Amino acid sequence: MGKLIVHNMITVNGVFDSPAPDTWLEADNDSGDASLEQLLLADALVLGRKTYEGLAAVWPHLGGDPGLGRYAERINGMPKYVASRTRPGPLEWNATLIKGELDEAVPELKDTHGGNLVVSGCGEFAHTLARRGFVDEFWFWVNPYLWAAGPRVFDGVGPIRLQLVAATPYRSGVLWLRYRPAGPLT
């Protein structure tokens with residue numbers, strides 16, 4: 001059975017969508033290479049509608065970008081599964097609409113792929129997956145910034161006890177944290 005992994009860049013205080021995009025992600029070769037390796041190990045992306053629409057508007061145009069081209073090649077070529085109650089199919093960008101209810105569709109995806117399914121984003125869809133116990137691991141790339149405003153990762157979700165699996169620091173101050181759910185708090 002495959003693993004469903006929520007993967008997101010955040011600030012130290014948990015903001016995942018800053019009011020000043022492109023100013024808080026710390027880029028260094030070491031953490032960038034590790035992030036790309038994780039994408040290469042993934043079988044597919046699993047996205048909510050809003051994240052799908054945002055990524056589909058940008059990534060197909062980044063293939064020639066000197067800094068992001070290597071990510072774009074992988075991301076653009078990966079299969080993508082999109083959860084939406086409002087968007088009709090068929091979808092573009094190697095994407096397939098998830099059919100049926102999540103309680104049946106997500107375990108079926110995990111069975112079908114057998115490898116890593118990466119959820120990008122920490123919005124409504126990731127919240128729903130976490131609340132229903134579908135997330136096998138949480139991967140957070142903590143960037144050395146604090147933002148006074150912006151949505152925080154998993155506000156309103158929990159309590160869910162997490163077990164630290166790995167922590168890797170990088171020269172830039174970025175810290176990769178890998179957690180597994182250890183069960184609900186009672």
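Is W141 buried or exposed? W141 counts as buried, because its relative accessibility is 1%, and the cut-off for buried is under 20%.

A word on the source before I go on. This is a predicted model. Mean pLDDT for the chain is 87. Of its residues, 91% reach 70 or more. Among the elements, helix α1, residues 29-41, has the lowest mean, 75. Strand β4, residues 95-97, has the highest, 95.

Back to the aromatics. The structure holds 7 aromatic pairs. Take W139 and W176. Their ring centres are 5.5 Å apart and their planes sit at 85°, so this pair is edge-to-face. W139 belongs to strand β6, residues 137-143. W176 belongs to strand β8, residues 175-184. That is a link between distant parts of the chain, 37 residues apart. Both W139 and W176 are buried.

Now W141 again, with its partner Y170. Here the centres are 5.7 Å apart and the planes are at 25°, so the pair is stacked. W141 is in strand β6, and Y170 is in the loop between β7 and β8. Y170 counts as buried, at 15% relative accessibility.

Next, salt bridges. Side chains of opposite charge can pair when their charged atoms come close. How many salt bridges are there? The count comes to 8.

R49 bridges to E53, with the closest N and O atoms 3.0 Å apart. Both lie in helix α2, residues 49-56. They are 4 residues apart, about one turn of the helix. An α-helix has 3.6 residues a turn, so residues three or four places apart point the same way. R49 is partly exposed, with a relative accessible area of 25%. E53 is partly exposed as well, at 31%.

Now between helices. E124 and K50 meet in a salt bridge, 3.0 Å from N to O. E124 is in helix α5 and K50 in helix α2, so the pair ties together parts 74 residues apart in sequence. Both residues are exposed.

Then between strands. R180 forms a salt bridge with E137, with the closest N and O atoms 3.1 Å apart. R180 sits in strand β8 and E137 in strand β6, so this pair ties together parts 43 residues apart in sequence. R180 is partly exposed, with a relative accessible area of 34%. E137 is at 0%, and counts as buried. There is a network here too: salt bridges link K3, E137, R178 and R180.

On to the backbone. Most residues other than glycine have a negative phi, and most peptide bonds are trans. Which residues have a positive phi without being glycine? W93 is one, with phi near 70°. F154 is another, with phi near 60°. W93 is in the loop between β3 and β4. At 12% relative accessibility, W93 counts as buried. K80 lies over the face of W93, at 4.3 Å from the ring centre. F154 is in the loop between β6 and β7. At 13%, F154 counts as buried.

P159 is found in the loop between β6 and β7. The peptide bond from G158 to P159 is cis, with omega near 10°.

Two helices to finish. In α3, residues 69-77, the buried residues are G69, Y71, A72, I75 and N76. Why do they share a side of α3? They cover an arc of only 145° around the axis, which puts them on the same side. The face turned away from that buried side carries the exposed residues E73 and G77.

Last, R131 in helix α5, residues 124-131. Leaving out residues up to four places away in sequence, R131 touches G156 and V157. R131 and G121 are 10 residues apart in sequence, and their C-alpha atoms are 15 Å apart in space.

That's the tour. Over to you.

Conventions. Residues numbered from 1 in each chain as written. Predicted model: local features only at pLDDT ≥ 70, side-chain atom pairs only at ≥ 80, totals over all residues. Heavy atoms only, no water. Buried < 20%, exposed > 50% of the residue type's maximum accessible area, 1.4 Å probe, protein only. Arc of directions from axis to C-beta. Contact = heavy atoms within 4.5 Å. Phe/Tyr/Trp six-rings, centres within 6.5 Å; stacked < 30°, edge-to-face > 60°. Lys NZ or Arg CZ within 6 Å of the ring centre and 35° of its normal. pLDDT = per-residue confidence, 0-100. Salt bridge = Lys/Arg side-chain N within 4 Å of Asp/Glu carboxyl O.
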